[in-house]
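Q: Please take one part of this model and go through it closely. How is it placed against its surroundings, and which residues are involved?

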Amino acid sequence: MVVWSPFRFNSGQQAANRFAMAPLTDASHQDGTVTEHELEFVRRRAASGFGLTVSSAAYVENDGRSWQGIGAAHQGHLSSLQRLADAMRAAGGLAILQIYDGGRIARPELTGQRLRAPSAVASLRPGASTPRAMTADEIDGLIASFRRAASLARQAGFDGVEIHGANHYAIHQFFSPRANHRDDKWGGTLAKRMNFPLAVAQAVRDALGPKLIAGFRVTPLESEPGGYTLDDAKLLCNELARLNLDYVSVSLDDYRNSRPVGETRVYNGPPEKTYTPPENPVTAFARVIAGRSAVMASGGIKTCKDAEGALEKGADLVAVGRAVVVDPEWLAKVRSRNETSILAGLPKQEAEIAGTLSIPPRMVDYLLSRPGWIPRL
Ligand SMILES: Cc1cc2nc3c(=O)[nH]c(=O)nc-3n(C[C@H](O)[C@H](O)[C@H](O)COP(=O)(O)O)c2cc1C
């Protein structure tokens, strides 16, 4: 079966199979260093044999933190990153560091700074405050911060970096006509709105060199009025492939229904009404990219059949999130065709969750605060 076959990236690195552990944000120490709980969470899950494991998103600048997670912002983060890379690679899979900046959805109570973003336009999230527009120098500085984060990843022993260009964080904001109203080289036309994502991609590739993996996660379209379209994102993917990126990861709630992650996610009610394009984004991107970079699908993969279905839609790789949160041995069970024993939800008893499933206590609180998001037994 193709899902178990190895995959060779443009950089020459090889994943033993097509399964990736999706980036799963967790709570770290206040200074952005990884906790023992987080290392255990990742080590146990990676040990079940993922071809590659993507880390939780690491902030590249203190001012862009959206939660209390890991950092890749300065040399003081290096030993924390080394420990994380070692834990992720314990079972021989490739270790990828995801890096991000929050832009207008950073949290001022964490950063101690006023929000800064492409333009002075507030997010649609309830209670969001209006950011100030970044200066041209600050934008250059942020690109340099992504470059430095990639260089830290290389020094720490990661096999590559995934740029978080999805889910409404800063890179996504630069690409969005809703968030980016600039009239300099960073905004205005579609081509100019692509400049920031592409500059970050180039900077990361430069820092990594040709032999490490450079990936880019993208939200394939915006369902909010005035948002970018799937056709816009296809053009971005084409340019990312021209930069010889190793993969493009398509962020969806479910790879089958094409529903993008909305800016004002509702976790406790019925799913948001979002626009669904006629073409599946995974298939659309695979066509445009045409083998120049790999395509990774994500969203709603719970069985081997789901993963095969994503490959049939044109993906080369699949990323698995919630299924692995709920069952740390998910992949081993899939591989041994023991899917009936897969845990379908978090245990009813809250006290059991952290201990038996190696889920860090603060992550448990986070998951339980969004009851519609993660299934419970
Ligand atoms: C607890 C949790 C944390 C997440 N953190 C991140 C993150 O740091 N970066 C990211 O790109 N996506 C993040 N996601 C989204 C997942 O990577 C994935 O795209 C999403 O959960 C859909 O896939 P699934 O249906 O397999 O869970 C997170 C999801 C969960 C459940």
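**A helix pair, then a strand**

A: Helix 2 and helix 4 are oblique to each other. The model is a predicted one. Helix 2 covers residues 78-88 and helix 4 covers residues 136-156. Two packed helices are described by the angle between their axes and the distance between the axes. Here the angle is about 55° and the axes are 8 Å apart. An angle of 65 to 115 degrees would count as roughly perpendicular and one under 35 as roughly parallel, so the term oblique applies to helix 2 and helix 4. Their crossing is right-handed. On the helix 2 side, the residues that meet helix 4 are Leu78, Leu81, Gln82 and Ala85. Helix 4 contributes Leu152, Ala153, Gln155 and Ala156.

Strand 11 has pairing partners. Strand 10, residues 247-250, runs parallel to strand 11 and is joined to it by four bridges. In this pairing Ser249 stands opposite Met296. Strand 12, residues 317-320, also pairs with strand 11 in the parallel sense, over three bridges. There Ala297 stands opposite Val318. Between strand 11 and strand 12 the chain passes through helix 10, residues 304-312, and this β-α-β crossover is right-handed.

Methods: Residues numbered from 1 in each chain as written. Predicted model: local features only at pLDDT ≥ 70, side-chain atom pairs only at ≥ 80, totals over all residues. Pairing = 2+ DSSP bridges. Helix = DSSP H or I, 4+ residues; strand = E, 2+ residues; numbered from the N terminus. Right-handed = clockwise from strand over helix to strand, strands pointing away. Axes fitted to C-alpha atoms, helices over the stretch in contact; angles between N-to-C directions. Parallel < 35°, antiparallel > 145°, perpendicular 65-115°, else oblique. Left-handed = near helix turned anticlockwise from the far one by under 90°. Contact = placed C-beta atoms within 7 Å.
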